[in-house]
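Good morning, colleagues. Please look at the sequence and the structure on the screen while I describe some of the contacts and packing.

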Amino acid sequence: MQVNIHPSWKAVLSQEFEKPYFEHLINFVKAEYKSHVCYPKGSQIFNAFDHCHFDDVKVVIIGQDPYHGPNQANGLCFSVNDGIPFPPSLQNIFKEIETELNQPQPKTGNLERWADQGVLLLNATLTVRQGEAGSHQKQGWETFTDAVIQKVSAEKDKVVFLLWGGFAQKKGTMIDDSKHLILNSGHPSPLSANRGFWFGNNHFLKANEYLKSLGKKEIEW
């Protein structure tokens, strides 16, 4: 099956593309995009992989679903297109970075600049129907993205995994903590952040300290 994904990932994930669940998934997604408004646009479904190549992965951030409002989702978890107001979780992410690193909040919520530096911004489900959160869950995306996490864990060394909230933390069982750094905290959503489970986690600082200790270039958050 032909999948439009960067060659560095195609080599690692080729077996997944041949499995029956993936054929079902692709047929489901094609039918959804034909009969409903869905996000992100088709060319950006694998955006996380196109901007962050397998060989370049330094940090993995795991989200759940793409944004389901018009013009928001661009295929990177927590990221929105240029010119779109920051959703609440993204606002809290930028507030935490501002506090940790003493840098002003950016003018855009488009996180392609992170992905281009080696941050894999991976949603567990890569597509969604407009206005219907979770509408493309349990169709095969989770099986695929779990395989991505397992491949990164197995085939790479010393990657930082940022697991925010209970959903992401459940993915931690697939990650080899003997050779990777796993950082857990509450989710940046207002519900979690306002109860004290997000702010002050220092994840962006800790990730950079770890990368620096390995002689790797730090992320410009």
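I begin with a side-chain pair: His36 and Arg129 make a polar contact through their side chains, at 3.4 Å. A polar contact here is a pair of N or O atoms within 3.5 Å; within protein, one must be able to donate a hydrogen and the other to accept it, and residues adjacent in sequence count only if both atoms are side-chain atoms.

Some notes on the source: this is a predicted model, in which local features need pLDDT of at least 70 and side-chain atom pairs count only at pLDDT 80 or more, while totals for chains, interfaces and linings use all residues. Residues are numbered from 1 along each chain as its sequence is written, and side-chain values use heavy atoms, with hydrogens and water left out.

To return to His36, this residue lies in the loop between helix H2 (20-35) and strand S1 (38-39). Helices (H or I, at least four residues) and strands (E, at least two) are DSSP runs, numbered from the N terminus. His36 counts as partly exposed because its relative accessibility is 31%. The classes are buried, under 20% relative accessible area, exposed, over 50%, and partly exposed in between, with a 1.4 Å probe and protein chains only.

Is Glu16, in turn, buried or exposed? Glu16 has 9% relative accessibility and therefore counts as buried. This residue belongs to helix H1 (residues 7-17), and its side chain forms a polar contact of 2.7 Å with that of Tyr21. Leaving aside residues up to four places away in sequence, Glu16 touches Tyr21, Phe22, Phe144 and Ala147; contact means heavy atoms within 4.5 Å.

Of its 67 residues, Phe49, Ile61, Trp114 and Phe144 touch the most other members. H2 gives the most to this core, namely six residues. Such a core is a set of buried Ala, Val, Leu, Ile, Met, Phe, Trp, Tyr and Cys residues joined through side-chain atoms within 4.5 Å. In soluble globular proteins, nonpolar side chains tend to be buried together.

Ile61 leads us to the strands, for it stands opposite Leu121 in S3. S2 and S3 run parallel and are joined by five bridges; two strands pair if DSSP finds at least two bridges between them. Why is strand S3 (residues 119-123) described as largely enclosed by the rest of the structure? Five of the five residues of S3 are buried, so the strand is largely enclosed. Val119, Leu121 and Asn123 cover one side, and Leu120 and Leu122 the other, all of them buried.

Next, helix H9 (residues 203-213). Its buried residues are His203, Phe204, Ala207, Asn208, Tyr210 and Leu211. Seen down the axis of H9, these fall within an arc of 160°, so they line one face of the helix; the arc is that of the directions from the helix axis to the C-beta atoms. The exposed residues Lys212 and Ser213 are on the face turned away from the buried side. Among the elements that the buried residues of H9 pack against are strand S2 (59-63) and helix H4 (88-101).

Finally, Lys179 is in the loop between H7 and S6. Its side chain reaches the backbone oxygen of Lys156 at 3.1 Å, and the residues that Lys179 touches include Asp157 and Tyr210. Thank you for your attention.
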